[in-house]
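Here's a friendly walk through one protein model.

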Amino acid sequence: MAWRGQLSKNLKELRILICQTSPASSSARAFVEKNYKDLKTLNPKLPILIRECNGIEPQLWARYDMGVERGIRLEGLNEEQISKALQDLVKVGAALKV
C-alpha cells in the first residue's frame, strides 16, 4: 500500500465527515479507527481532519492545489471500498499535478 505514503504529495488536506452514532457511518468510523494512525504516521504534515456531526452523511473530501476539491459519499461502502475511494482520490491528485 505504497499509495498511503503519497497522500501528502498529492493532497493538501483530507477531510472525513462522519456521524458519531448513525449506522450509515459505522464503516467510515471503523475505517478511521483502523487507519488514521498509519495515515498520519506516513504523512505527518498533511492535515487529516475528522469532522463529526450528528446526522451527517459520511463523506470523504480531498483538497488539492489551487483549491480544487473532490468528495465521495461513503454511505453503503465497507472499509475496503473506503480505502479504494481514498486511493482513487490520491490518483486524481497525481493526475492534477501533470
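Let's start with Leu14, which touches Leu7, Pro47, Ile48, Leu49, Leu60, Trp61 and Leu86, leaving aside residues up to four places away in sequence; contact here means heavy atoms within 4.5 Å. A quick note on the source: this is a predicted model, where local features need pLDDT of at least 70, side-chain atom pairs count only at pLDDT 80 or more, and totals for chains, interfaces and linings use all residues. Residues are numbered from 1 along each chain as its sequence is written, and side-chain values use heavy atoms, with hydrogens and water left out.

Leu14 is among the six leucines, with Leu7, Leu11, Leu39, Leu60 and Leu86, that touch the most other members of the 21-residue largest nonpolar core. Such a core is a set of buried Ala, Val, Leu, Ile, Met, Phe, Trp, Tyr and Cys residues joined through side-chain atoms within 4.5 Å. Helix 3 (79-97) is one of the elements supplying at least two of its residues, and with 5 it gives the largest share. Helices (H or I, at least four residues) and strands (E, at least two) are DSSP runs, numbered from the N terminus.

Leu89 sits in helix 3. Its contacts include Leu11, Leu60 and Tyr64.

Now for accessibility: buried means under 20% relative accessible area, exposed over 50%, and partly exposed in between (1.4 Å probe, protein chains only).

| Residue | Relative accessibility | Class |
|---|---|---|
| Leu89 | 4% | buried |
| Cys19 | 2% | buried |
| Cys53 | 40% | partly exposed |

What about disulfides (pairs of cysteine sulfur atoms within 2.5 Å)? The whole structure has 0. The sulfur of Cys19 has its closest cysteine sulfur in Cys53, 7.6 Å away, so the two are too far apart for a bond.

Technical notes: A disulfide is a pair of cysteine sulfur atoms within 2.5 Å.
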